[in-house]
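Subject: Structure handover

Hello,

Here is the structure you will be working with. Please open it first, then read my notes below.

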Amino acid sequence: MNRKSKLALLAAPVLCWFALAANAGADMTRSEAGVGSCFPETDPTWDLNITYCMGTMAGIRNQTRDATRFAYFAIGSSGVANFTMVVKGVGYSCTAPSSLNDLWRTAMTTNGWFHLGFDRTTGVCKFLTISGGSNQKSAL
Amino acid sequence: MKMASVALLSLSAGAIGGYAAFPLLHDEAAQPGHAACGVPGTSRDVVACTLSPEQIEHLSSRIAPAVVERLATSGLPGVAPDANVAARQRVANENLQKEQAAAYSQAVKLVDQMIASHNVTPQGKNQAYELLRQTSQADRLFEIEARISAAINRGDLTPEQAGLTP
């Protein structure tokens, strides 16, 4: 085996690893990350009473592992805005102060990511972030 | 020489005009409906006004009763001492606060009953909302709704039972 062949044999696994890692990242963006999840804050230096929910509407709609899963932004004529999400049969909900109403209207029609945090005990939404990027469009 | 005369004439005309126009531009107290206010000395920060009882009553509907009461009993020059006006305002304010607290408690009770029965209806929520609206507490509607959200997070209520499903 000449020197070139040895080098090729050594390089092949490295190249394969890079290819797999890149593909895993793409899958994460396209299907995994947008499927929706809710989880509590675990860092004791932050507020442990906060729960976060995130995902994309399309990702949640198109996932097939959890038939109960949905995310729902709503605003009524009373001006009260709600968020409700169910993951694996467990309900999560918060009600937003009126200062977030405009953002709520956008969230209802967004194609990008939503990420919100709320106080479990009071049921009050603390923040909502809506984002859209070239790498997230594939989550549609 | 001719130029100097024209300049002097213009300067004089301006001075006379300014002197005549000053009271028209600055005497706001002369306008009907305004309190008689003076500007002591040359300070523009301190204004003394003489307020009639009607004007105090009018103002008291816009500022805190405690302030009105303090003002009415202060004996400050220019303020007609009228403790009755302040007392009336205080009583009216106390009554409103009691009424608001009672309406809020009633609204909370209504929602908590719906949560306990696992059946939150739009009609029930509207009834609670109406209690708050009628007592000028529309800004607290979200507090009522947040109780429902908190019940879902505790697992006491499902989103379906709360009427919060698509």
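Strand 2 of chain A and strand 6 (residues 113–119) of chain A pair antiparallel, through seven bridges. Pairing here requires at least two DSSP bridges between two strands. Helices (H or I, at least four residues) and strands (E, at least two) are DSSP runs, numbered from the N terminus. Within this pair, Cys53(A) sits opposite Leu116(A) of strand 6. Strand 2 of chain A also has a partner in strand 1 (residues 37–40) of chain A, again antiparallel, with four bridges. There, Cys38(A) faces Cys53(A) of strand 2. Strand 2 (residues 50–56) of chain A is mostly covered, with five of its seven residues buried. Buried means 20 or more other C-beta atoms within 10 Å of the residue's own; exposed means 12 or fewer, and partly exposed lies in between, with C-beta atoms placed from the backbone.

Some ground rules. This is a predicted model, in which local features need pLDDT of at least 70 and side-chain atom pairs count only at pLDDT 80 or more, while totals for chains, interfaces and linings use all residues. Residues are numbered from 1 along each chain as its sequence is written, and chains are lettered from A and ligands numbered from 1 in the order in which they are written.

Chain A overall

Chain A has three helices and seven strands. Their order along the sequence is α-β-β-α-β-β-β-α-β-β. Of its 140 residues, 29% count as buried. Take the contacts in chain A between residues at least 6 apart in sequence: 49% of them join residues at least 24 apart. A contact means two C-beta atoms, placed from the backbone, within 7 Å.

Confidence

pLDDT is the predictor's confidence in each residue, from 0 to 100. Chain A averages 81, and 72% of its residues reach 70 or more. Within chain A, strand 5 has the highest confidence, at 97, and helix 1 (residues 3–32) the lowest, at a mean of 46. Over residues 13–31 of chain A, pLDDT stays under 50, and the model has eight contacts beyond four places in sequence for them. Where pLDDT is low, the predicted coordinates should not be read in detail.

Where the chains meet

In the interface, 20 residues of chain A are in contact with 15 residues of chain B. Strand 3 (70–75), strand 4 (81–87) and strand 5 (90–96) of chain A each supply at least two residues of the side that touches chain B. Strand 5 of chain A gives the most, with five residues. By type, the side of chain A that touches chain B has nine nonpolar residues, 10 polar and one charged. Nonpolar covers Ala, Val, Leu, Ile, Met, Phe, Trp, Tyr, Cys and Pro; charged covers Asp, Glu, Lys and Arg; the others, Gly among them, are polar.

The core

The largest nonpolar core has 46 residues; touching the most other members are Met85(A), Leu116(A), Cys125(A), Ala107(B), Val111(B), Ile115(B) and Ile148(B). Helix 6 of chain B gives the most to this core, with eight residues. Such a core is a set of buried Ala, Val, Leu, Ile, Met, Phe, Trp, Tyr and Cys residues joined through C-beta atoms within 7 Å. Leaving out residues up to four places away in sequence, Val111(B) touches Ala128(B), Ile144(B), Arg147(B) and Ile148(B).

Helix 6 of chain B is mostly covered, with 13 of its 14 residues buried. Gly155(B) follows helix 6 of chain B, with a positive phi near 90 degrees.

Single residues

- Trp104(A) lies in helix 3 (residues 101–109) of chain A. It counts as buried because it has 21 C-beta neighbours inside 10 Å. Not counting residues up to four places away in sequence, Trp104(A) touches Phe73(A), Ile75(A), Ala81(A) and Ala96(A). Trp104(A) and Ile75(A) are 29 residues apart in sequence, yet 7.4 Å apart in space, C-alpha to C-alpha.
- Lys88(A) is in the loop between strand 4 and strand 5 of chain A. Its phi is positive, about 50 degrees, although Lys88(A) is not a glycine. Lys88(A) is exposed, with 11 other C-beta atoms within 10 Å.
- Ser136(B) is in the loop between helix 5 (122–134) and helix 6 of chain B. Its phi is also positive, near 55 degrees, in a residue other than glycine. Ser136(B) is exposed, with 12 other C-beta atoms within 10 Å.

Best regards
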